Amino acid sequence: MAEITAAMVKELRERTQAGMADCKSALVESAGDMEKAIEVILKKGIVKAAARAGRVATEGEVATWVAPDGRRGVIVEVNSQTDFVSRGDDFKGFVKRVIDVAAKLPRGSDLGAQKYPGSDKTVDVARQELIAKTGENIVVRRWDVLEAKEPSGFVHAYVHAGGKLAVLLHAEGPAGAKNADLVAFVDNAAMQVAAMSPLVVQREDISGQQLAKQKEIFVAQLKQDGKPEQAWPKIVDGKVAKWFTEVTLLGQENVWDPPAGSIDKIRQDLGKKLGGEVKIHAFVRFSLGEGIDKPPEDLAAEVAKTIGG
């Protein structure tokens with residue numbers, strides 16, 4: 001019998017979207033024949049999953065969970081093809097269980113390989129079954145976790161538009177999550193992240209490579225505009241300073257009370273009021289379907305394909 005390699009399992013999984021264990025079993029059963037292995041997968045009841053896997057999934061839900069003590073939070077994006085399916089009880093139940101699994105995992109773990117709550121199957125197998133049931137491609141696209149190690153640190157979650165966008169934010173301050181003023185500030189800061197999409201918390205988080213690249217862009221713009229070269233350094237410095245106010249959370253002007261100034265000013269003012277430093281350590285922002293290249297829909301072609309198939 002032909003040796004079943006990791007590359008073969010990977011190829012079969014990519015072609016069928018079946019679980020790793022199912023792919024390996026099918027390859028063993030088919031003596032390493034890829035096409036016969038696909039038939040085995042299909043005959044085992046994941047027909048719709050294999051048929052639908054190539055379709056682009058850009059709808060769905062971004063969900064969050066924060067531990068009761070506020071020390072840990074997770075964020076997960078699960079995609080479907082249509083909003084109709086994402087609003088269904090089956091999809092929402094799946095997302096809830098995926099969040100339950102992610103809540104216990106260290107960052108970087110393979111979420112799809114974990115045991116699905118209330119069963120002996122994996123999250124990925126449960127996903128395949130949901131694909132077969134709904135007739136749509138379902139993707140557990142990404143997940144992340146934030147943890148607060150400081151005595152007065154905590155993680156806060158903000159979910160916008162019923163799960164179209166969500167933010168986790170890790171902060172620290174006097175009395176932590178027990179302080180109402182601090183929690184209000186952190187909630188507003190999380191909404192700021194959702195609305196204004198900063199790249200990092202503060203300018204120190206910008207890498208030298210990112211900064212150099214941005215300076216190159218500004219120089220190219222000045223060259224295009226015909227500005228005198230001797231003026232470039234000063235102009236670039238000004239542009240970089242403005243850029244920092246756009247891409248850093250602390251540098252941005254707040255959106256909930258404009259007269260109060262930047263997020264950093266509000267943070268400092270609150271620290272003075274509370275008698276201790278207020279810090280924002282990190283955030284994670286997931287917007288549903290961001291970065292996915294969704295091809296334009298062609299209903300006529302879809303109907304023709306269906307009839308022809």
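Predicted model: local features only at pLDDT ≥ 70, side-chain atom pairs only at ≥ 80, totals over all residues.

Biologist: What makes F185 and W256 an edge-to-face pair?

Modeller: Rings of Phe, Tyr and Trp (its six-membered ring) pair if their centres lie within 6.5 Å; planes under 30 degrees apart are stacked, over 60 edge-to-face, and the rest tilted. F185 and W256 are 6.5 Å centre to centre with 70° between the planes, hence edge-to-face. F185 lies in helix α8 and W256 in the loop between α10 and α11, so the pair ties together parts 71 residues apart in sequence.

Biologist: Why is the pair of W243 and F244 called tilted?

Modeller: The planes of W243 and F244 stand at 40°, with the centres 5.6 Å apart, so this pair is tilted.

Biologist: Why does F185 count as buried?

Modeller: Buried means under 20% relative accessible area, exposed over 50%, partly exposed in between (1.4 Å probe, protein chains only). F185 has 4%, so it counts as buried. W256 has 29%, so it is partly exposed.

Biologist: How do you know that R142 lies over the face of F286?

Modeller: A charge sits over a ring if NZ of Lys or CZ of Arg is within 6 Å of the ring centre and within 35 degrees of the ring normal. R142 meets this for F286, at 4.1 Å from the ring centre.

Methods
Residues numbered from 1 in each chain as written. Heavy atoms only, no water. Helix = DSSP H or I, 4+ residues; strand = E, 2+ residues; numbered from the N terminus.
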